Amino acid sequence: NIYNACCTLRIDFSKLTSLNVKYNNDKSRDYTRPDLPSGDSQPTLDQTMAAFGFSVPGVHGALAPLGMQSAAAAAAASRMGIPGFASAANAVLLVSNLNPERVTPQCLFILFGVYGDVQRVKILFNKKENALVQMFD
């Protein structure tokens with residue numbers, strides 16, 4: 001190994017087909033659901049925005065301002081012949097050999113966001129040097 005003091009990540013496909021995230025906090029985050037609680041009685045992002053007077057009527061979540069529902073978008077994409085969009089699947093990655101003191105869901109989001117759209121990130125509770133990252137294909 002020519003990189004002796006460097007952090008080498010191990011990345012494999014997980015057996016999971018989908019990642020279940022219940023809280024948006026420092027150990028897990030669902031980027032498609034900003035309304036999830038933080039788990040420590042902190043207000044959600046939607047509640048915080050409403051407290052400061054920011055609201056978009058009839059629109060839920062951070063991605064909703066795009067204005068097109070996912071089923072409608074998939075149907076339109078299949079009619080237009082956009083390959084891969086209508087039948088896209090999710091890939092869950094297992095990331096190992098992380099530094100437990102420094103890793104956060106946001107760091108993993110930035111790292112893997114270069115390679116595709118990150119939907120969910122979860123740092124494992126019992127094995128803090130491992131994380132699961134769900135990507136959108």
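**Strands, cores and selected residues**

Arg29 stands opposite Val121 in β4. The model is a predicted one, in which local features need pLDDT of at least 70 and side-chain atom pairs count only at pLDDT 80 or more, while totals for chains, interfaces and linings use all residues. Residues are numbered from 1 along each chain as its sequence is written, and side-chain values use heavy atoms, with hydrogens and water left out.

The strands β2 and β4 run antiparallel and are joined by 3 bridges; two strands count as paired if DSSP finds at least two bridges between them. Strand β4 (residues 117-123) also pairs with β5, again in the antiparallel sense, over 6 bridges. Within that pairing, Lys122 stands opposite Leu132 in β5, and Asp117 has Phe136 of β5 as its bridge partner. Helices (H or I, at least four residues) and strands (E, at least two) are DSSP runs, numbered from the N terminus.

The protein has 3 helices and 5 strands. Read from the N terminus, the order of the elements is β-β-α-α-β-α-β-β. Contact here means heavy atoms within 4.5 Å. Among contacts between residues at least 6 apart in sequence, 61% join residues at least 24 apart.

How much of the protein is buried? Of its 137 residues, 25% count as buried, where buried means under 20% relative accessible area, exposed means over 50%, and partly exposed is in between (1.4 Å probe, protein chains only). The accessible surface comes to about 9800 Å², and 58% of this belongs to carbon and sulfur atoms. Such areas come from the Shrake-Rupley method with a 1.4 Å probe, and for residues only the protein chains shown count as cover.

In β4, 5 of the 7 residues are buried, and in β5 (residues 131-136) the count is 5 of 6. Helix α3 (residues 105-113) has Pro105, Leu108 and Phe112 as its buried residues. Seen down the axis of α3, these fall within an arc of 60°, so they line one face of the helix; the arc is that of the directions from the helix axis to the C-beta atoms. An α-helix has 3.6 residues a turn, so residues three or four places apart point the same way.

In soluble globular proteins, nonpolar side chains tend to be buried together. A nonpolar core is taken as a set of buried Ala, Val, Leu, Ile, Met, Phe, Trp, Tyr and Cys residues joined through side-chain atoms within 4.5 Å. The largest such core has 13 residues, and those with the most contacts inside it are Leu98, Leu108, Phe112, Val118, Val121, Val133 and Met135. At least two residues of this core come from each of β3 (90-96), α3, β4 and β5. A second, separate core has 5 residues, including Leu19, Val21, Leu36 and Val92.

Is Ser28 buried or exposed? With a relative accessible area of 7%, Ser28 is buried. Leaving out residues up to four places away in sequence, Ser28 touches Val21, Tyr23, Pro105, Val121 and Lys122. The side chain of Ser28 also reaches the backbone oxygen of Tyr23 at 2.7 Å.

Asn24 is in the loop between β1 and β2 and counts as buried at 7% relative accessibility. A polar atom of the Asn24 side chain lies 2.7 Å from the backbone nitrogen of Asp30. Apart from residues up to four places away in sequence, the residues that Asn24 touches include Arg29, Asp30, Arg33 and Leu36.

Asp12, in strand β1 (residues 10-13), is partly exposed, with a relative accessible area of 29%. The side chain of Asp12 makes a polar contact with that of Arg10 (3.1 Å). A polar contact is a pair of N or O atoms within 3.5 Å; within protein, one must be able to donate a hydrogen and the other to accept it, and residues adjacent in sequence count only if both atoms are side-chain atoms. Asp12 touches Val92, Leu93 and Leu94, not counting residues up to four places away in sequence. Asp12 and Val92 are 80 residues apart along the chain, and their C-alpha atoms are separated by 8.8 Å.

Most residues other than glycine have a negative phi. Asn97 has a positive phi of about 70° although it is not a glycine, and it is partly exposed, with a relative accessible area of 43%.
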